[in-house]
Amino acid sequence: MSRIFKIASVLLTYPTPELQAAAPELRAAIAAETCLPSALRTALDELVGTIADRDIYAAQEDYVLLFDRTRSLSLNLFEHVHGESRDRGQAMVDLLGMYEAAGFVLGARELPDHLPAFLEYLSTRSAAEATELAGGIGHIIEALQERLIARNSPYAAIFAALIAAGATAEDREAVAMVMDLPDDDPTDLAALDQVWEEDAVRFAGAAAGEGDCGPDRLRRRLRAAARPAADPAPAATEEVS
């Protein structure tokens, strides 16, 4: 499944001539992912064609309208949880620390919580670790998929693939919390300005982001992974399983 994270990371990057030229390799990689249902592989293949066959400027404009100018479709993960609050900064530090500990280097302009970067990181991890971390953003992935389906966007196929790879919500309440963010229209510039001027996204209850049912699941898993291992028990046996 790690290849799915890599494929999704590539497909979610800003369209470039280089990405268009890589269409044959992407299609071959998608066809090889037999763990995905055939209908989903077909949808991903069609997305590759949509990106590769269109005028590059039209493809780029669509991408910007979807992911850069529509806050409810932002590819910056913590924006859906913390908005522009101070908590987002600490969560970014936690995520960057995880990358650095694994020797994973971000590009100079990449944010740690940018979904393509996070997915590329997952593609370098073991299946168990990648699935665990993917589950931490399942509620965000499902919410983005729902919004993209409502727009009839071919990009929805990427999020369906991520869900198939383990990025699933643990409860519907967490998805609903993310969906509470107003679904703005990127062509309505006045409304867009108002959305960005609003206070940081907040959830019911002062600790909603930290509880077992809160939306900030990834940050909790990062903290758990960063905890030092417990001291070994007194030597009763020297066998290592």
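Is tyrosine 121 buried or exposed, and at what relative accessibility? At 1% relative accessibility, tyrosine 121 counts as buried. Buried means under 20% relative accessible area, exposed over 50%, and partly exposed in between, with a 1.4 Å probe and protein chains only.

This is a predicted model, in which local features need pLDDT of at least 70, side-chain atom pairs count only at pLDDT 80 or more, and totals for chains, interfaces and linings use all residues. Residues are numbered from 1 along each chain as its sequence is written, and side-chain values use heavy atoms, leaving out hydrogens and water.

**Overall make-up**

The chain has 14 helices and zero strands. Helices (H or I, at least four residues) and strands (E, at least two) are DSSP runs, numbered from the N terminus. Of the 241 residues, 46% count as buried. Contact means heavy atoms within 4.5 Å. Among contacts with a separation of 6 or more, 68% come from residues 24 or more positions apart.

**Aromatic pairs around tyrosine 121**

The structure holds seven aromatic pairs. Rings of Phe, Tyr and Trp (its six-membered ring) pair if their centres lie within 6.5 Å; planes under 30 degrees apart count as stacked, over 60 as edge-to-face and the rest as tilted. Two of the pairs involve tyrosine 121.

| Pair | Centre to centre | Angle between planes | Type |
|---|---|---|---|
| Tyrosine 99 and tyrosine 121 | 5.0 Å | 50° | tilted |
| Phenylalanine 104 and tyrosine 121 | 5.4 Å | 70° | edge-to-face |

Tyrosine 99 sits in helix H7 (residues 86-101) and tyrosine 121 in helix H8, 22 residues apart. Tyrosine 99 is buried too. Phenylalanine 104 lies in the loop between H7 and H8, so its pair with tyrosine 121 ties together parts that are 17 residues apart in sequence. Phenylalanine 104 is buried, with a relative accessible area of 13%.

**Helix H8 against helix H9**

The axes of H8 (residues 115-122) and H9 (residues 127-135) come within 9 Å and cross at roughly 155°. That makes H8 roughly antiparallel to H9. Axes are lines fitted to C-alpha atoms, for helices over the stretch in contact, and angles run from 0 to 180 degrees between N-to-C directions. Angles over 145 degrees count as roughly antiparallel, under 35 as roughly parallel, 65 to 115 as roughly perpendicular and the rest as oblique. From H8, Phe118, Tyr121 and Leu122 meet Glu129, Ala130, Leu133 and Ala134 of H9. These contact residues divide into six nonpolar, no polar and one charged.

The largest nonpolar core has 58 residues. Such a core is a set of buried Ala, Val, Leu, Ile, Met, Phe, Trp, Tyr and Cys residues joined through side-chain atoms within 4.5 Å. Tyr155, Ile158 and Phe159 have the most contacts inside this core. Helix H11 (residues 156-164) gives the most to the core, with seven residues. Isoleucine 158 touches Ala8, Leu11, Leu12, Leu44 and Leu47, leaving aside residues up to four places away in sequence. Tyr155 also forms one aromatic cluster with Tyr14, Tyr63 and Phe67.

Leucine 148 is found in helix H10. Its relative accessible area is 0%, so leucine 148 is buried. With residues up to four places away not counted, leucine 148 touches Leu66, Phe67, Leu73, Ser153, Tyr155, Ala156 and Phe159. Leucine 148 and phenylalanine 159 are 11 residues apart in sequence and 9.0 Å apart in space, C-alpha to C-alpha.

Asparagine 152 is found in the loop between H10 (138-150) and H11. Asparagine 152 is exposed, with a relative accessible area of 70%. Although not a glycine, asparagine 152 has a positive phi of about 55°.

Technical notes
Nonpolar A, V, L, I, M, F, W, Y, C, P; charged D, E, K, R; others polar.
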